[in-house]
Amino acid sequence: MIDEQSLSAYLAVDLDGHFEHLVRAYQDRLYGFALRLTGSRQDAEESTQDAFVRAYRALQGYAEDRRRALRLRPWLYQITLNVVRNRVRRPTLVAVSVDGPVGNGLAARADEQPERRALRTETQSQLACALARLPARHATAVVLRHVQGLTYAEVAEVLDQPVGTTKSDVHRGLRLLRVALEPELLEVGDQ
């Protein structure tokens with residue numbers, strides 16, 4: 001895989017020839033981010049695709065030196081966040097699967113016991129529900145920092161706020177998650 005700085009340099013010289021590398025490098029991460037924010041696979045896919053279209057169009061308008069200096073990771077997350085926010089503002093039709101609920105996308109481990117797999121799936125589901133109930137500013141900060149692995153500086157850049165505010169949002173989000181999950185985790189432990 002090409003590192004971010006090299007990819008920026010390649011995009012500066014040949015956008016059309018290297019944009020596919022950008023998509024391959026970031027599509028799974030941006031999809032995961034959008035999925036955590038939307039809770040819908042379809043919305044996450046559409047948001048991710050839209051984010052890449054917007055990124056491509058923006059890059060077309062940038063001068064070569066601006067493309068070369070671009071910090072891709074926070075820039076792409078910021079575009080994706082804006083796309084998701086715009087989608088949330090628009091009323092959408094709810095898509096219902098006729099096949100029933102789809103799995104959570106996590107590959108089951110071949111050697112994992114069914115009880116353990118069920119407990120892991122239930123815990124992840126509880127975490128996702130608790131995360132969805134957080135205020136958007138806290139949930140987004142927590143997802144960017146602890147799920148997507150961005151640094152506090154990158155999260156601050158994506159959210160267009162000071163690093164101190166970002167740290168506070170992440171801290172408050174984690175505290176709210178602990179409070180929300182504590183009763184559920186106690187119930188699981190009692191079983």
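These exercises walk through a predicted model of one chain.

The model is predicted, and local features need pLDDT of at least 70, side-chain atom pairs count only at pLDDT 80 or more, and totals for chains, interfaces and linings use all residues. Residues are numbered from 1 along each chain as its sequence is written, and side-chain values use heavy atoms, with hydrogens and water left out.

**Exercise 1. The overall layout**

Task: State how many helices and strands the chain has, and what share of its residues is buried.

Solution: 
- Step 1. Helices (H or I, at least four residues) and strands (E, at least two) are DSSP runs, numbered from the N terminus.
- Step 2. The chain has nine helices and zero strands. Its pattern along the sequence is α-α-α-α-α-α-α-α-α.
- Step 3. Buried means under 20% relative accessible area, exposed means over 50%, and partly exposed lies in between (1.4 Å probe, protein chains only). Of the 191 residues in the chain, 34% are buried.
- Step 4. Contact means heavy atoms within 4.5 Å. Among contacts with a separation of 6 or more, 67% join residues 24 or more positions apart.

**Exercise 2. H2 against H3**

Task: Describe how H2 and H3 cross, and give the classes of the residues in contact.

Solution: 
- Step 1. Axes are lines fitted to C-alpha atoms, for helices over the stretch in contact, and angles run from 0 to 180 degrees between N-to-C directions. The axes of H2 and H3 come within 8 Å and cross at roughly 145 degrees.
- Step 2. A crossing is left-handed if the near helix is turned anticlockwise from the far one by less than a right angle, and right-handed if clockwise. H2 passes H3 in a right-handed crossing.
- Step 3. Ala, Val, Leu, Ile, Met, Phe, Trp, Tyr, Cys and Pro count as nonpolar, Asp, Glu, Lys and Arg as charged, and the others, Gly among them, as polar. The contact of H2 with H3 has 14 nonpolar, five polar and four charged residues.
- Step 4. Zoom in on Ala44, which is found in helix H3. Ala44 is buried, because its relative accessibility is 0%. Leaving out residues up to four places away in sequence, Ala44 touches Tyr31, Ala34, Leu35 and Thr38.

**Exercise 3. H7 and its two partners**

Task: Describe the packing of H7 (residues 136-147) against H8 (residues 152-159) and against H2 (residues 15-38).

Solution: 
- Step 1. Start with H8. The axes of H7 and H8 come within 9 Å and cross at roughly 140 degrees. So H7 is oblique to H8. Angles under 35 degrees count as roughly parallel, over 145 as roughly antiparallel, 65 to 115 as roughly perpendicular and the rest as oblique.
- Step 2. Thr140, Ala141, Leu144 and Arg145 of H7 meet Tyr152, Val155, Val158 and Leu159 of H8. This contact has six nonpolar, one polar and one charged residues.
- Step 3. Turn to H2. H2 and H7 pack at about 145 degrees, with axes 10 Å apart. The crossing is right-handed.
- Step 4. Phe33, Arg36 and Leu37 of H2 meet Thr140, Val143, Leu144 and Val147 of H7.
- Step 5. The buried residues of H7 are His138, Ala139, Thr140, Ala141, Val142, Val143 and Leu144. Just after H7, Gly149 has a positive phi of about 80 degrees.

**Exercise 4. Glu154 and Asp160**

Task: Decide whether Glu154 is buried or exposed, and do likewise for Asp160.

Solution: 
- Step 1. Glu154 lies in helix H8. Its relative accessible area is 8%, so Glu154 is buried.
- Step 2. Apart from neighbours within four places in sequence, Glu154 contacts Arg71, Arg73 and Pro74.
- Step 3. Asp160 sits in the loop between H8 and H9. Its relative accessible area is 66%, so Asp160 is exposed.
- Step 4. Phi of Asp160 is near 55 degrees, a positive value in a residue other than glycine.
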